[in-house]
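The sequence and coordinates are shown first.

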Amino acid sequence: MIEQLFGARMSPLKIGDFDVHRVIETEGPFAPVSMLLPGVDMARIEAQAHWLRPQFVSADNLAVMSFHSHVLRTGRHNVLIDACVGNDKERPLRASWHRQQFGYMHALAQAGLQPQDIDFVCCTHLHADHVGWNTQLRDGHWVPTFPKARYVFGKTEYTHWEAAHRQAVAEGAAVPNHGSFADSVLPVMDAGQAELVNEDFEFEEGVALQHAPGHTPGTCCLHVHSRGQHGIFSGDILHTPVQLVDTRLNSRFCHDPAQAVATRQRLVETVADTSTLLMTGHFPHSTGGRVVSTDSGLAWLGVS
Ligand SMILES: [Zn+2]
């Protein structure tokens, strides 16, 4: 089984007639696993070290993570899913995101795409590391990076963060998400390129959102079906393959802990030991992958 899946590696990743590219902003050791996943039992990681180390947990116990977009090419539309951290953003509380000059546009070009080729931008949720490339700095102003794209925001997610942002501004408090609502979401609204949609929005036949709350109130998955094959773009329902060792483990960034666990466990049950491909927001090294059962529990099998 495993050999067959590795043997099926291809680039771009295929889901039926659809192509999926991964556009990487950064990839590498990010943060201590114990910081990312409060309450993690390191003994359980050791028990799964044969597949977790070093590719997903470094020797010094950092979670290896990728910050990337996926681009789904259906033949009718190019859909960019999640927009990473972005360049020039003021993120003084997170040095690795602050005033960066990432080579993301070069990575997009390597996938054969220019900004004007993107028809839709779909943010699974509105955390700062999923909206950054929504905008870029031009002459001191934040403008949409993708000039022809319709930016699709789920109504529940948008409404939640708009309220949180406006309340913080009114109270003179620190704005949420490092200020990304102001520099990476509102300018898209102001430019008239945003579309607030219900959580079952369909981009085209076989490409639709599904509400999957917990990590944030309005997190959505993007489900794609083509020629009997199924893929799910799942954002941050899972941050790291370590959560397959214990699906009850939330990240420190999860909004509703109980709901996040329920959504994660439902997702894992849906895909485990099926042919469904999962494309997550932060798993490194491969465009997507599958969740498989092994003698010692669930594991992640990357598929590029
Ligand atoms: Zn994220």
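## Strand β13 and its neighbours

Gly231 has Leu277 as its bridge partner in β14. The model is predicted. The pairing of β13 with strand β14 (residues 277–280) is parallel and has four bridges.

Strand β12 (residues 220–226) also pairs with β13, here antiparallel and through five bridges. Gly231 takes part in this pairing too, as the bridge partner of Val224. Two residues lie between the strands in the β12 and β13 hairpin, where Arg227 has a positive phi near 50°. Strand β13 itself spans residues 229–235 and is mostly covered, with five of its seven residues buried.

## Strand β3 and its neighbours

Strand β3 covers residues 62–73, and nine of its 12 residues are buried. Strand β2 (residues 18–32) runs antiparallel to β3, and 12 bridges join the two. Within β3, Val64 stands opposite Pro29.

Strand β4 (residues 78–81) is likewise joined to β3 in the antiparallel sense, by four bridges. One of the partners here is Ile81 in β4, which bridges to His70. The hairpin of β3 and β4 has four residues between its strands, and Gly75 in this hairpin adopts a positive phi near 100°.

## The largest nonpolar core

The largest nonpolar core contains 77 residues, and Val79, Val121 and Val242 have the most contacts inside it. The element that gives the most to this core is β3, with six residues.

Leaving aside residues up to four places away in sequence, Val242 touches Val33, Leu37, Val40, Ile45, Leu52, Phe56, Val57 and Ala63.

## Helix α9

Helix α9 (residues 257–271) has 15 residues and, at 1.5 Å a residue, should span 21 Å; the C-alpha atoms at its ends are 21 Å apart, in agreement with this. Its buried residues are Ala260, Thr263, Arg264, Leu267 and Val271. Viewed down the axis of α9, the buried residues fall within an arc of 100°, so they line one face of the helix. In general, an α-helix has 3.6 residues a turn, so residues three or four places apart point the same way.

Ala258 and Glu269 are exposed on the other side of α9. The cover over the buried residues of α9 includes β13, α8 (242–245), β14 and β15 (288–294). Just after α9, Asp273 has a positive phi of about 60°.

Conventions:
Residues numbered from 1 in each chain as written. Predicted model: local features only at pLDDT ≥ 70, side-chain atom pairs only at ≥ 80, totals over all residues. Buried ≥ 20, exposed ≤ 12 C-beta atoms within 10 Å, placed from the backbone. Pairing = 2+ DSSP bridges. Core = buried A, V, L, I, M, F, W, Y, C linked by C-beta atoms within 7 Å. Contact = placed C-beta atoms within 7 Å. Expected span 1.5 Å × (residues − 1). Arc of directions from axis to C-beta.
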